[in-house]
Amino acid sequence: MTGVSRSLASMVMLLALAACASAPKPAAAVPVAGQATEAGALPEAVAGNAPAPADPAVAAPAVAESGVAAEGEATAAAPDANAATTPTAAEDDYAVLYGDAPVAVAPDGNGGTAAPAPFDPWEPMNRRIHAFNNAVDNAIARPLAQAYATVVPQPVRLGVTNFFDNLRSPLTFINQLLQGRPRHAVQTLGRFVVNSTLGIGGVFDPASDLKMKRRSEDFGQTLGIWGWRSSRYVELPLFGPRTVRDVFGLVGDAPLSVTRQVDEDAIRYGLQGLQLVDTRSQLLSLDVMRQDAADDYALVRNAWMQRRTFQIEGDRRRREQSDSLPDYLEEEDPYPTVPADAMPVPIPGG
């Protein structure tokens, strides 16, 4: 309990420091149709919305405030109300997640569509932390991951990934129970038993061959299921992108980690270090995209917020209509973030 108290105290101190950081107020948010927003907060579901399709039949033409088109501007022809329209695959997926059509947004200067900005009132502070995380990544994490991917054969790396995924199964199992999903919890428990025995401690993955789906849940997602859907973005030192909700989720996940229950410091630190290197090696494929980005911070923030929205809203929908979700929402995310149990920190009294 002492370790949990210290972890909680550390997270509370971090939030207090973040609250003291001066930052301009975010621009006025555009709420999703049919969904109320809290004062001064942009719902996280808006931050992860996919951009509206480019079909002119979907987006309405821009008009002046008086309701009349500005002089000299051409207006799109109104679609025939009786004409039959076929929803696109993206619209079908959106309707499954949110229950209505995508919100049309104004085109940006590059000819695309401008998605609503995530709720990020601490952006100046977050950018400084992001720069620090990038410096640590460039100096330590990425070189280690590249060396690991070069030296260690791919089948061995796959076994390491399977091993740590299997160790997360008890945490996923507990969170699925807390989310009111006993059927998925039983499937996760069965997958853990199969891989721990036939898979030799989880190094191999016979459960996938038996069509047992791999899922990953955390306490941040559980808090989202319980109703904490809107949360501001924050980037943590070393841990990277999070929301305030997910910071509390880290505190809830840490005591349930199998790795942190290892009393021998040398073994625990070795496992946690290997887990960090393995996690970073799975993200090497994204480095080229980040290097070419005009704003790396905005790219990471927007992608992460969209990912979390899909995870949480997918979980909410799964309880109501589990058979109607797109297949890709049922699978584990291939690009993990730093897990709560991967940081080599001492356990008091260990």
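This is a guided tour of the predicted model above, stop by stop.

**Before you start**

Residues are numbered from 1 along each chain as its sequence is written. Because the model is predicted, local features need pLDDT of at least 70 and side-chain atom pairs count only at pLDDT 80 or more, while totals for chains, interfaces and linings use all residues; side-chain values use heavy atoms, with hydrogens and water left out.

**The whole chain**

Show the cartoon. The protein has 14 helices and two strands. These are DSSP runs, numbered from the N terminus: helices are H or I with at least four residues, strands are E with at least two. Of the 350 residues, 37% count as buried. Buried means under 20% relative accessible area, exposed means over 50%, and partly exposed lies in between (1.4 Å probe, protein chains only).

Areas come from the Shrake-Rupley method with a 1.4 Å probe; for residues, only the protein chains shown count as cover. Among contacts with a separation of 6 or more, 73% are between residues 24 or more positions apart. Contact means heavy atoms within 4.5 Å.

**Stop 1: the largest core**

Select Trp122, Met125, Ile129, Val234, Leu236, Phe239, Val244, Val247 and Leu250. These nine residues make up the largest nonpolar core. Such a core is a set of buried Ala, Val, Leu, Ile, Met, Phe, Trp, Tyr and Cys residues joined through side-chain atoms within 4.5 Å. Helix α4 (123-151), strand β1 (233-236) and helix α10 each supply at least two of its residues. The largest share, three residues, comes from α10. In soluble globular proteins, nonpolar side chains tend to be buried together.

Stay on Leu250, in helix α10. Leu250 is buried, at 7% relative accessibility. How far apart are Leu250 and Phe219 in sequence and in space? They are 31 residues apart in sequence and 7.1 Å apart from C-alpha to C-alpha.

**Stop 2: helix α6**

Select residues 169-178. Ser169, Leu171, Thr172, Asn175 and Gln176 are buried here. They cover an arc of only 155° around the axis, so they sit on the same side of α6. The arc is taken from the directions from the helix axis to the C-beta atoms. What do these buried residues pack against? Their partners are α5 (154-167), α7 (182-197), α9 (219-225) and α10 (244-253).

Leu178 is also in α6, but is partly exposed at 39% relative accessible area. Together with Ile174, Trp226 and Leu256, Leu178 makes a nonpolar surface patch of about 360 Å². Patches are made of residues with over 30% relative accessible area and no salt bridge: like charges are joined within 9 Å, nonpolar side chains (Val, Leu, Ile, Met, Phe, Trp, Tyr) within 5 Å. Just after α6, find Gly180, with a positive phi of about 75°.

**Stop 3: salt bridges**

The structure holds 18 salt bridges. Each is a side-chain nitrogen of Lys or Arg within 4 Å of a carboxyl oxygen of Asp or Glu.

- Select Asp120 and Arg301. Their side chains meet in a salt bridge (3.0 Å, N to O). Asp120 is in the loop between α3 (89-98) and α4, Arg301 is in helix α13 (residues 296-320), and the two are 181 residues apart. Asp120 is buried at 7%, as is Arg301 at 9%.
- Select Asp246 and Arg308. This salt bridge spans 2.6 Å, N to O. Asp246 in α10 and Arg308 in α13 are 62 residues apart. Both are buried.
- Select Asp265 and Arg268. The closest N and O atoms of this salt bridge are 2.7 Å apart. Both residues lie in helix α11 (residues 265-281), about one turn apart. Arg268 is buried at 0%, whereas Asp265 is partly exposed at 31%.

Finally, select Asp120, Glu123, Arg127, Asp295 and Arg301. Salt bridges that share partners join them into one network.

**Stop 4: two loops**

Most residues other than glycine have a negative phi. Select Lys211, in the loop between α8 (206-209) and α9. Its phi is positive, near 65°. Lys211 is exposed, at 73%. Then select Leu238, between β1 and β2 (240-243). Leu238 has a positive phi of about 75° and is partly exposed, at 45%.
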